[in-house]
Structure formats: C-alpha cells, structure tokens
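Look at the sequence and the 3D structure together, and keep both in view while reading.

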Amino acid sequence: MQRLFLLFLLLPGSALAADHVVSQKGRAFRPAEMTINRGESLTFTNEDSFIHQIYVDGLFDSEEKAPGENLNETFPNAGTFQVRCHIHPTMRMTLRVK
Ligand SMILES: [Cu+2]
C-alpha cells in the first residue's frame, strides 16, 4: 500500500494539482508569459529529453530536474518575475503575479 502511494506521488499526473502548469520544452518555457493571482501555485514540468533547472532571482533556485520531473512553486507576493534556467541561459519566462 505504501509503495502504491509513493508511485502515485511520482506520476507526472500529480502536476494537475497545481493551479497552473508550465512546460520546459524545446529549451523554452511554454507559455513564455503568464499572469496568475497571488497565492496560486505553478508546476514546471521538464518535457525535454535532457536536464533543466528553474530559478527566479531572490525567490527560489531549484535542483536540476531530469526529464519528466516537476517543480511546484507558490507565489504569495505580487510582482513581475523572470523565470529562468541556469543550464540554458536563453530560457526565459515572464510571470506576472497580481
Ligand atoms: Cu534548461
């Protein structure tokens, strides 16, 4: 039973619990711009066949994410943020939290 529960946590489908989903695909964040409400969560999913990473200066700086892995982040404060990947400096997403 415990093993089944762990399996569920690892399924990509668990990303559906987030308020919004952003893909990392083709060395880009998709969508590249998004507006959300304060307190909402966002799940980043690595849909490429290589490693990505996710960070926002001053907010968070994730571990490297293998293909298929997720990162969940909640954004409690309003503002405009640049979401980026250390591994691929050209990857940028503009996130507006209102
Ligand atoms: Cu990347």
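Start with Glu73, which is buried yet takes part in no salt bridge; Lys65, the nearest side chain of opposite charge, is 8.2 Å away. Buried means under 20% relative accessible area, exposed means over 50%, and partly exposed lies in between (1.4 Å probe, protein chains only). A salt bridge is a side-chain nitrogen of Lys or Arg within 4 Å of a carboxyl oxygen of Asp or Glu. For charge, Lys and Arg count as positive and Asp and Glu as negative, while His and the chain ends are not counted.

This is a predicted model: local features need pLDDT of at least 70, side-chain atom pairs count only at pLDDT 80 or more, and totals for chains, interfaces and linings use all residues. Residues are numbered from 1 along each chain as its sequence is written, and side-chain values use heavy atoms, with hydrogens and water left out.

Glu73 belongs to strand S7, residues 70–74. Helices (H or I, at least four residues) and strands (E, at least two) are DSSP runs, numbered from the N terminus. Leaving aside neighbours within four places in sequence, Glu73 is in contact (heavy atoms within 4.5 Å) with Glu40, Ser41, Leu42 and Phe60.

Ala18 is 55 residues from Glu73 in sequence, but their C-alpha atoms are 8.9 Å apart in space. Ala18 sits in the loop between helix H1 (2–10) and strand S1 (20–24). Is Ala18 buried or exposed? Ala18 counts as buried because its relative accessibility is 14%. Not counting residues up to four places away in sequence, Ala18 touches Ser41, Leu42, Thr43 and Asn72.

Next comes the sheet. S7 is part of an open sheet of 4 strands, in the order S2-S1-S4-S7 and with mixed pairing. Strand S2 (29–30) and S7 are at the edges with a single partner strand each, so one side of each has no neighbour in the sheet. Two strands pair if DSSP finds at least two bridges between them. Strands of a sheet pair through backbone hydrogen bonds, either parallel or antiparallel. S1 and S4 run parallel and are joined by 5 bridges; Val21 stands opposite Thr43 in S4.

Now turn to the nonpolar core. Such a core is a set of buried Ala, Val, Leu, Ile, Met, Phe, Trp, Tyr and Cys residues joined through side-chain atoms within 4.5 Å. The largest one has 18 residues, of which Phe29, Leu42, Phe44, Val83, Met93 and Leu95 touch the most other members. At least two residues each come from strands S3 (33–36), S4 (41–46), S8 (79–84) and S9 (92–97), and S9 gives the largest share, 3 residues. Beyond four places in sequence, the residues that Met93 touches include Val22, Phe29, Phe44 and Val83.

His52, in the loop between S4 and strand S5 (55–56), and His88, in the loop between S8 and S9, are 36 residues apart and link distant parts of the chain. His52 is buried at 0% relative accessibility, and His88 is buried with a relative accessible area of 10%.
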